[in-house]
Amino acid sequence: MTTKYLCFDRLLLQSGWLAPAYVGVDAAGIIQYLQTHPPSEAVAIEFVPGFALPGFQNAHSHAFQYAMAGQAERHAAGAKDDFWSWREAMYRCALGIDPEQLEGIAAMLYAAMLRQGYTHVAEFHYLHHDKEGKPYDNLAEMGERLIAAAETAGIKITLIPVFYQRGGFAREALPQQRRFLSRTTDDYLQLLDDSASAVRHSILANLGFSVHSLRAVDQNDIIKTFRDGPPSIPFHLHAAEQKKEVADCLAILKQRPVAWILDHLPVTDRFNLVHCTHLDDVEVKSLAASGAHVVLCPGTEGNLGDGIFRLSDYTVHGGAWCIGTDSHISLSPIEDLRWLDYTQRLVTHKRNTFDDGAARLISSAVINGRCAMGLPSSGYFEVGTPLDAVVFDAHAPLLMQAEEQNILSAILYTSSSAEIFGTLVNGKWCVKNLHHVRQGAITLQFLNAVRPGKG
């Protein structure tokens, strides 16, 4: 068995930096050797002038929305523009995308994620049907396109087909939501089963399942979907993103959204609740105690004016959380982790949101992100696990001057994508020297998708 060796200036373990770090991987990208000294036999070694961190997990993505990132930011004087009006622009985008276009858009997005240090994406997928709302002959057509895009880019993907049934609490679906809809739990579970078959054909893919939200699926069908769904894969849903959503839930279900979820579903660490922006004190404490993960999407939550999650309070109670990019207005895990910290500083007027902030932020994003993907939440880099890493340039001035105990803080609080030397998935470079290895072909595919005939 051939082993490929790399040597990083430093590699981050949960116990601290391994320096230097000699790593040997087999043909499948699985770590076979991890030491501070080279192997005893004479072998070729690729010396990498960088600091290797575990690749980040993007726990919430709507790939098709990348086609509209930055395209809904012009606000007419005096006009009201909020989450609910933004949805109209999102619906127009969704209605215009065919399967080939989705694949091109998603490949470009996933390549961009890799350039920012993500190595795995959870695709919260509800663009299921054709432009008239009719199922494709292959129910998993659009999901297969997302998997194909992930394979083109080289990113790992957890495909999460979403159950989307209606337009709001006790309201029929809107015509512009027609591509999203599964009318019954049986319809959804058939879609999920076909998606599982698609996932089995890719070594980069695995499966999760989901209901979109309490407002988008009848409450009895939510309970039935979880009860009848696969017993071990992760379960995702939006919750309490908007104040209006909370008010509507109180009016119809007589409970706040997260309180209803905790009372009616067997919430454990399989649950991943996206946003949870508006929680009361009881919900904060009870959700933290449940073991569920809150998936925070700082770029989108800020862009849509959702509000600020009570992260400081939640972590006091031991709550678990990770991050995602949602609408992809922001794609940098480093930037989003910074802003999670900074928003808490703005609210509390204190700088010490976390003890050893950089280490805590990265650990939560990585370990809980892996759970959201349905992966074992083991240590950062271990023998017998894949080499998935983002490598920061050791020659970047602010990283060069940092003392060892401050390197991680310097990376988190000063770096951008310009300091990323490259990204490895399964021991192979997907990004190196700021460029994706298939950048040209992926860019052309994307331009043909969003500007047909002009790419």
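Predicted model: local features only at pLDDT ≥ 70, side-chain atom pairs only at ≥ 80, totals over all residues.
**Close-up 1. Who lines the largest pocket, by class.** Its lining has twelve nonpolar, eleven polar and five charged residues (Ala, Val, Leu, Ile, Met, Phe, Trp, Tyr, Cys and Pro count as nonpolar, Asp, Glu, Lys and Arg as charged, the others, Gly among them, as polar). Residues are numbered from 1 along each chain as its sequence is written, and side-chain values use heavy atoms, with hydrogens and water left out.

**Close-up 2. The largest pocket, about 600 Å³.** K156, L375, P386, D388 and N426 are the closest to its centre, out of 28 lining residues. On a 1 Å grid over the protein atoms alone, a pocket is an open set of points with protein on both sides within 12 Å along at least five of seven lines, a cavity is a set where a 1.4 Å probe fits but cannot get out, and lining residues have an atom within 4 Å of a point. Volume is the space filled by probe spheres set on the points, which are joined across faces, edges and corners. Strand 7 (118-125) and strand 9 (205-207) each supply at least two lining residues (strands are DSSP E runs of at least two residues, helices H or I runs of at least four, numbered from the N terminus).

**Close-up 3. The second largest pocket, about 260 Å³.** Nearest its centre lie L12, Q14, D356, A359 and L408, from a lining of 15 residues. Helix 12 gives the largest share, three residues.

**Close-up 4. The largest cavity, about 150 Å³.** F83, W86, M90, Y126 and H212 sit closest to its centre. Helix 1 (residues 83-95) gives the most to the lining, four residues.
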